[in-house]
Amino acid sequence: MATDDATPAEDFAQLLARLKDTYKVNDSQIAESIGVSVSTVNTWVHRKRQPRPEALHKLASRYPKFSRAAIFAAAGRKTPGPISADAEERLLELFRGLTAEQQEMKELELRALNEYNRSALS
């Protein structure tokens with residue numbers, strides 16, 4: 001749902017309104033289905049805050065008529081790449097082969113990348 005310049009066609013509050021209409025759910029039902037408080041959903045509806053990536057992933061899983069890409073774009077975030085169970089296991093195996101210091105360095109690097117992704121388009 002993004003245009004050529006990566007500007008979302010709708011913001012997250014608009015996407016939530018469509019989601020509620022499509023699935024005939026309210027803020028409370030959305031909150032319960034993704035494990036957040038109703039007040040958290042209310043801050044999204046009233047454009048006071050943007051959801052965290054974890055909540056966006058849960059929304060995409062719970063409400064599959066809305067793609068991850070559309071949900072992340074509406075929230076002004078880049079869509080994380082997919083990872084298969086096999087790829088995840090390979091990465092864990094590589095990580096297990098590192099020394100404790102190397103694991104700590106990689107964890108810091110990954111946290112920095114995730115933080116950048118959280119804030120880059122917010």
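From the N terminus on, the elements of the chain run α-α-α-α-α-α-α. The secondary structure thus counted comprises 7 helices and 0 strands, where helices (H or I, at least four residues) and strands (E, at least two) are DSSP runs numbered from the N terminus. This is a predicted model, in which local features need pLDDT of at least 70 and side-chain atom pairs count only at pLDDT 80 or more, while totals for chains, interfaces and linings use all residues. Residues are numbered from 1 along each chain as its sequence is written, and side-chain values use heavy atoms, with hydrogens and water left out.

**Burial**

Of the 122 residues in the chain, 25% are buried. Here, buried means under 20% relative accessible area, exposed means over 50%, and partly exposed lies in between (1.4 Å probe, protein chains only).

**Salt bridges**

A salt bridge is counted where a side-chain nitrogen of Lys or Arg lies within 4 Å of a carboxyl oxygen of Asp or Glu. By this rule the count comes to 8 salt bridges.

| Salt bridge | N to O distance |
|---|---|
| E10 and R18 | 2.8 Å |
| D11 and R47 | 2.5 Å |
| D21 and K24 | 3.4 Å |

The salt bridge between D11 and R47 links distant parts of the chain: D11 belongs to the segment before helix 1 and R47 to the loop between helix 3 and helix 4, 36 residues apart. D11 is partly exposed because its relative accessible area is 24%, whereas R47 is exposed, with a value of 53%.

In the salt bridge between E10 and R18, E10 counts as buried because its relative accessibility is 11%. In the pair formed by D21 and K24, both D21 and K24 are exposed. Elsewhere, E89, E93 and R96 are linked in a network of salt bridges.

Most residues other than glycine have a negative phi. K24, although not a glycine, has a positive phi of about 55 degrees. This residue is found in the loop between helix 1 (12-23) and helix 2 (27-34), and K24 counts as exposed because its relative accessibility is 62%. R47 is likewise not a glycine and has a positive phi of about 60 degrees; its place is in the loop between helix 3 and helix 4. Each of these two residues also takes part in a salt bridge, K24 with D21 and R47 with D11.

**Helix 1 and its distances to other residues**

Y23 lies in helix 1 and is partly exposed, with a relative accessible area of 21%. The C-alpha atoms of Y23 and K65 are separated by 8.9 Å, while the two residues are 42 residues apart along the chain. A17 also has its place in helix 1. A17 is partly exposed because its relative accessible area is 42%. Between the C-alpha atoms of A17 and D27, which are 10 residues apart along the chain, the separation is 9.7 Å.

**The largest pocket**

Grid points are joined across faces, edges and corners, and a volume is the space filled by probe spheres set on the points. The largest pocket holds about 310 Å³ of space. It is lined by 14 residues, of which T40, W44, Q50, P51 and R52 are the closest to its centre. Helix 3 (38-45) and helix 4 (53-62) are the elements that give two or more residues to this lining.

By class, the lining of the largest pocket has 5 nonpolar, 3 polar and 6 charged residues. In this classification Ala, Val, Leu, Ile, Met, Phe, Trp, Tyr, Cys and Pro count as nonpolar, Asp, Glu, Lys and Arg as charged, and the others, Gly among them, as polar.

**A nonpolar surface patch**

I83, L91 and L94 form a nonpolar patch on the surface, with about 320 Å² of accessible area together. Patches are made of residues with over 30% relative accessible area and no salt bridge, with nonpolar side chains (Val, Leu, Ile, Met, Phe, Trp, Tyr) joined within 5 Å and like charges within 9 Å. Accessible areas come from the Shrake-Rupley method with a 1.4 Å probe, and for residues only the protein chains shown count as cover. L91 has its place in helix 6 (residues 85-96) and counts as exposed because its relative accessibility is 52%.

Technical notes: 1 Å grid on protein atoms, 1.4 Å probe; cavity = no way out; pocket = protein on both sides within 12 Å on 5 of 7 lines; lining within 4 Å.
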